[in-house]
Amino acid sequence: MSAKAGLAMRRISGHCTVTADKIYAWYLLDAQGWSFRPDSVREQLIIDGADVFAQLVKRSLHIRVTTRPYPVSRWASAHDQNAPAPLPAWRDYLMTDQHHLSGRSMADKEVYVGVEIPARKGLHKALGGLAETFSDREVAALSKHIRATDEIMASPGMDGAPVTPRQLEWLLHRSCSLGLPAPLTLGAVDDGRWEEEDLHEFTDHVQWFAEPYARTLRVIGENEDQRVERHVCILSVGRMTDLEIPAGIPWMQRTDQLGFPVEWSARVTVDDSAKVGQAMRRNIQKIRAQKDHYELEHHEPAPGALDRQADKALGVEDEISMGLSGLSTRTTGWYRLAVSGATEEEALERASLLRKLYTPQITIARPADQYAVAREFIPGEKLASTAYKRRMPVTTLAAAVPAATAKVGDRVGIHLGETSGTSARVVTWEPWETTERREESGLAVLCAGLGGGKSTAGGNIIYRTVLQGVPWTVLDPSGRLTALCRLPELADVSQAIDLLDAPAGALSTYRVIAEPRREHYETDLDWRAAQDQAKETRRLLTSSVLRAMLPRQLQEHVLTEVALMRAVGAVSAKQTASPSDVVTELRALTGDPDLQRHAGYMADFLTEASKTSHGRLIFPPGYMQDYSRNDPLLTVYSLRGLALPDESTANSEDLDERLSMCVLYLAAWLTQRGMYFGDINARKGIFIDEAWALSTFSTGRRFIDRAARDSRKHNTRVLMASQNPSDLLKLDLANLVSAAFIGRLTGEDAQRDALRFLPGIREGMGYESIFGTLSRPTREGRRGSREFIFSDGTGGIERMRMDLSAHPQLLEALNTTAQPEKALNRVVRGEIDAAPGSRAALPEGHERESA
């Protein structure tokens, strides 16, 4: 049967739709964040929404949830324009990402609510057949009611704004072309008025085909002169158990977890409390009569269900009679869902997945007349079937929170992955959003335990932004990220430097602090102040590092501080100085004999330390290396073979371990210099792994202060990575970071500490355990794509999964898991079998004796 009936809607005027007997004002609700929000905030959101519904008593509502696809080409265009100086490989990279994302969801969920505007009694009956020509006058006459409704819908909890003509046109397209691809273009009417003749635009190119008692509805339409067919299955919400409020996931938002779009249509009437109270009292009387029938007339015990029903009815009646806030208001509604597929089997399979999603709390049924209930999705159409009526208080309706969605990232930046919590949507992020537009710090933290994916997350961000032409300086002590420099597309603009093999003085305490450049400051006064600050930092850094080299007895001696202060103060704090100059000054100290003798001990010890392989990197002057600097886009410093102590032995008695800590610490300062080179306004990136070492030095806090202050000024994204969040908290990072990636953490203390990096989340709210569920390994021990709790710096916090599948060469380069099958000394099994002396090569009857 081909169905092509006209619309019940007669006209559109402003944000109102007009039928023969009703006028609905339509509103678009603001998206609401739900994940990682305190329960108190969630509860208030539900209460505010319930209060709005309670103010719409005796009115009918039409709630429509649909999606607006975001074209991947639009993201690709914005992403391309956002690249400052793309590399030659950029075009292929962008095309690969665009093709990859074409199979992912970049759609925005949109929630529309139509509210019935009460008309004057008898108006439409008096007008009779003139109703079709009276639409604009009718709307004008009801302008006072419409304005009052606008104010109610704009209240907190709903945050609805009157729809624009374009938005209402979009909703009509999505409703009349249910299941079909979104239209590429909309009509030219933009004055807010649609005549009845104009409305044929929504139906003329779409046909619905329905068979009696068929399991789906066929929808056929045209898209760019191509015939498109979809099978649509309409479902209805059936019996519901009592829902927890606030729920973990709002019951309407659950469908966002599915990998395909789901349309909602809810027809709701906010009941008059007096009528509901009367109905409840009648039900109580019926229940009592049935109970008497069992017990008095038949002398049989009444079923327990009657007592439960009576208690329920009494509770409802009590809420209505005693409730003063309006939250006891009841509603009657019909809740439909629509899923579609290219074939009937695909549509039914998706319907089955939707049922499983709600089992066992909510029953999802499939109505028999698919065509009739499908028309309910179209604004202005009447309720087709009263089956599956659901009665619930306004609090339960508000707890659906249809506007709840995943709010994280942007539509311009690099592709990171997709959300894996309450919904599944693509996550793209612009790392320099906070420094360029929000004038905030560029600091970000990356915390995860062993195998949690720190290298994967950091390498993914670095790779994608280097291709954009953004320079990065990376400190990766393990050397794993040096694999990025070997990728063909980055090889010509990258260099990997093992600092343990660097020239003498490469980590001189005076060299690692960059000399301020005049062009970076507006006035000479600001420039001179920056120079003085750099000198002060060099002195403090030199004193801190030299003291850390000394044995504990010398470190804690009262004269050590005095001797270092005098010796360091006597050396000019310029880039050309070196710690060797400080040692010379220690030997030349005069005055108190005890101080001279103590300074001599220090000088002797530091002289011996300077002769070691690590000491040669620190003590000689290293400024000469800066005159022949080569500035590739990507510089990766490694410290392979460096014997690092763990946190508990940071103040080790072993000189080699103490020197190793100094080398790591100074390497971090050397890496930070990257933000001070080049154009102050150009984007730059710094990545520092093993950031815990900063907390073991007294000047570690100064390092963070400089990073927080100067990253904004020099437009630099600074990523600080560590396995333990507490190490970064020691540096007071929690109040300075603008973004965070928190991976798998299993320790309870680490989980509590990680919450400090997520704005608005406090300890004890129940979010600690979620870190232990990230990147959960399979039974075979594999973890697959790494998961993180991502805070984007603009208020969005979501669980997300890193996605590098479009770039297998990058995934392979960042894989830090040992792969014994790729070992160079591995022998192929066939070669073993054929090798002389192997069991397979022995003549028959000469098998070796088994042990």
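Predicted model: local features only at pLDDT ≥ 70, side-chain atom pairs only at ≥ 80, totals over all residues.
User: How many of the eight residues of β13 are buried?
Analyst: Buried here means under 20% relative accessible area with a 1.4 Å probe on protein chains only (over 50% is exposed, in between is partly exposed). β13 is largely enclosed by the rest of the structure, because its buried residues number seven.

User: Is Leu61 buried or exposed?
Analyst: Leu61 belongs to strand β6. Leaving aside residues up to four places away in sequence, it touches Phe53, Leu56, Gly114, Val115, Ala266, Arg267, Val268 and Val270, a contact being heavy atoms within 4.5 Å. Its relative accessibility is 1%, so Leu61 counts as buried.

User: How far apart in space are Leu61 and Thr269?
Analyst: In sequence, Leu61 and Thr269 are 208 residues apart. Across the protein chain, residues 24 or more positions apart make up 77% of the contacts with a separation of 6 or more. From C-alpha to C-alpha, Leu61 and Thr269 are separated by 6.1 Å.

User: What span should α1 have at 1.5 Å a residue?
Analyst: Helix α1 covers residues 39–54, 16 residues in total. The expected span is 1.5 Å times one less than the number of residues. The end C-alpha atoms agree with that expectation, which is 22 Å.

User: Which elements cover the buried residues of α1?
Analyst: The buried set in α1 is Arg42, Leu45, Ile46, Gly49, Ala50, Val52, Phe53 and Ala54. Their cover includes β5, β6, α6, β13 and α12.

User: Which element gives the largest share of the lining of the largest cavity?
Analyst: A cavity is a set of points on a 1 Å grid over the protein atoms alone where a 1.4 Å probe fits but cannot get out, and lining residues have an atom within 4 Å of a point. The largest one has a volume of about 160 Å³, that is, the space filled by probe spheres set on grid points joined across faces, edges and corners. Of its 17 lining residues, the closest to the centre are Gly157, Met158, Ala398, Val401 and Pro402. The largest share, four residues, comes from α1.

User: Which strands stand at the edges of the eleven-stranded open sheet?
Analyst: The order is β19-β18-β28-β27-β26-β20-β25-β24-β21-β23-β22, with mixed pairing. Inside it, β21 and β23 are parallel over four bridges, and Leu475 stands opposite Tyr637 in β23. Two strands have a single partner each, so one side of each lacks a neighbour in the sheet: β19 and β22.

Terms used
Residues numbered from 1 in each chain as written. Heavy atoms only, no water. Pairing = 2+ DSSP bridges. 1 Å grid on protein atoms, 1.4 Å probe; cavity = no way out; pocket = protein on both sides within 12 Å on 5 of 7 lines; lining within 4 Å.
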